[in-house]
Amino acid sequence: MISAAATQERDNGLRQMWGVLRAYVEAHAEPFHSFTGALPYDLSLLATDTKTLPTGAMLAEMSTFARPETRPLVEAVIAVANLLEWQQGYDEVQVGSDYLARSGWCHLAGPDGPILMTGARLFLGYWGGGLDYPFHWHAAEELYLTLAGSAIFRAEGRADVRVGPGDSVHHASWQPHATQFGSKGFLALIAWRGADLSMKLEMETRK
């Protein structure tokens, strides 16, 4: 676990970032606001570890690829990024070494924190330019809110959806979906809701 001083720094950073996030969602992101419901004002914070993104990740550059409306939130995310616990959900066999070297995700809010929130799980996802996220699926219903960069989302049963900063895209429970990320990388706020908020995913087998 991180030290008391580092925990205080993380908590202060999270509170500042959360204020910017909540203000953006309430003013500019009605689909996300409707999906998650009202975001909490009084925060309960849980202790977590910190783990930085892989060396090849270029999160600090993403404010360049935001829009004026999303840039304050992107900059707030960048400011607190090194205090969060970035993770990988796959292994090299599933996604390849380049994907692991230039992507990651971290929890923001949910049953296990770092911001305590019931009924939904919020996290950040970052992908480097040109990465390909293979078809995968999970029990939770999902909504992506693009903060910076661009991507093409593919999903079973619907036409491809091209998104940029401020755009959202929805995936139903167990709906297979995949993503081709734009050349400048991609940063998103992601929400899950449903009875099963565990981070269990299934993925297509690549030959």
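**Exercise 1. Find what stands opposite isoleucine 152, and describe the strands around that pair.**

Step 1. Isoleucine 152 faces arginine 162, which belongs to E6. Strands here are DSSP runs of E with at least two residues, numbered from the N terminus.

Step 2. Strand E6 covers residues 158–163, runs antiparallel to E5 and is joined to E5 by four bridges. Two strands pair if DSSP finds at least two bridges between them.

Step 3. Two residues separate E5 and E6 in a hairpin, and glycine 157 in its turn has a positive phi of about 90°.

Before going on, a word on the source: this is a predicted model, in which local features need pLDDT of at least 70 and side-chain atom pairs count only at pLDDT 80 or more, while totals for chains, interfaces and linings use all residues. Residues are numbered from 1 along each chain as its sequence is written, and side-chain values use heavy atoms, with hydrogens and water left out.

**Exercise 2. Is arginine 158 buried, partly exposed or exposed, and what does it contact?**

Step 1. Buried means under 20% relative accessible area, exposed over 50%, and partly exposed in between (1.4 Å probe, protein chains only).

Step 2. Setting aside neighbours within four places in sequence, arginine 158 contacts Phe153, Val169, His170, His171 and Gln175. Contact here means heavy atoms within 4.5 Å.

Step 3. Now try a distance: from arginine 158 to histidine 177 it is 10.0 Å, C-alpha to C-alpha, with the two 19 residues apart in sequence.

**Exercise 3. Is histidine 107 buried or exposed, and which side chain makes a polar contact with it?**

Step 1. Histidine 107 belongs to strand E1.

Step 2. Histidine 107 counts as buried because its relative accessibility is 14%.

Step 3. Its side chain makes a polar contact of 3.3 Å with that of arginine 121. Such a contact is a pair of N or O atoms within 3.5 Å; within protein, one must be able to donate a hydrogen and the other to accept it, and residues adjacent in sequence count only if both atoms are side-chain atoms.

Step 4. Beyond four places in sequence, the residues that histidine 107 touches include Gln87, Asp112, Phe123 and Met199.
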